[in-house]
Amino acid sequence: MIEPTYALQVAMTAALKAGQGVGAPLFDRVPVTTPDPYVSLGDHRFVPAAADCLDRLGAVHSTLHVFSTAYGSKEARAIAGAIIDRLDHAVIDLGPDWGAIEIAFTGSRIVPEPDGKTSHVVITFTTLLDPA
């Protein structure tokens, strides 16, 4: 059985890259010379359900990061909006080992970067999982 956060990362990546994408390239590990704007996958944390009767049911809390040096934060916010539109309550395939009961947008925030030029949007999702 594949670890649940990896299955979710693969599914999220496929959903975000489908069609026209979200307006910026998506990376798991961002190459040093990558021009902006871009989206970086953040951490994924699996939290199992506390009740024994629920087997391995649990939730994954995920973050994605948008970076842009375009003037103001409009570009970064537009990309974040496209990500939210693409993933919030989406039907995603986690492969044979896991099922996604629900993926839900749980928040976003603008984080000032020390360089004073970069807009950084942190987007969070929670996905309820059920082992297949």
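Predicted model: local features only at pLDDT ≥ 70, side-chain atom pairs only at ≥ 80, totals over all residues.
Figure 1. Along the sequence they run α-β-β-β-α-β-β. The radius of gyration is 16 Å, close to the 14 Å from the globule rule for 132 residues, so the chain is as compact as a globular protein of that length. The C-alpha atoms fill a box of roughly 50 × 30 × 25 Å along the principal axes. Of contacts between residues at least 6 apart in sequence, 61% join residues at least 24 apart.

Figure 2. The 5 strands are ordered E1-E2-E3-E5-E4, with mixed pairing. Strand E1 (26–27) and E4 are the edge strands, each pairing on one side only. E1 and E2 pair in the parallel sense over 2 bridges. Phe27 stands opposite Ser40 in E2.

**Figure 3. Helices on the sheet.** H1 packs on the sheet and touches E1, E2, E3, E4 and E5. The direction of H1 makes about 145° with that of E2. H2 also packs on the sheet, touching E2, E3, E4 and E5. The direction of H2 makes about 10° with that of E5.

**Figure 4. The largest nonpolar core.** This core has 28 residues; Val39, Val66, Ile83, Leu87 and Phe125 touch the most other members. At least two core residues come from each of helix H1 (4–17), strand E2 (38–48), strand E3 (58–68), helix H2 (74–87), strand E4 (98–112) and strand E5 (119–131).

**Figure 5. Surroundings of Val66.** Leaving aside residues up to four places away in sequence, Val66 touches Tyr38, Val39, Ala76, Ile79, Ala80, Ile83, Ser119, His120, Val121 and Ile123. Val39 and Ile83 are, like Val66, among the core residues that touch the most other members.

Notes:
Residues numbered from 1 in each chain as written. Heavy atoms only, no water. Core = buried A, V, L, I, M, F, W, Y, C linked by side-chain atoms within 4.5 Å. Buried < 20%, exposed > 50% of the residue type's maximum accessible area, 1.4 Å probe, protein only. Helix = DSSP H or I, 4+ residues; strand = E, 2+ residues; numbered from the N terminus. Contact = heavy atoms within 4.5 Å. Pairing = 2+ DSSP bridges. Axes fitted to C-alpha atoms, helices over the stretch in contact; angles between N-to-C directions. Rg over C-alpha atoms; globule rule 2.2 N^0.38 Å.
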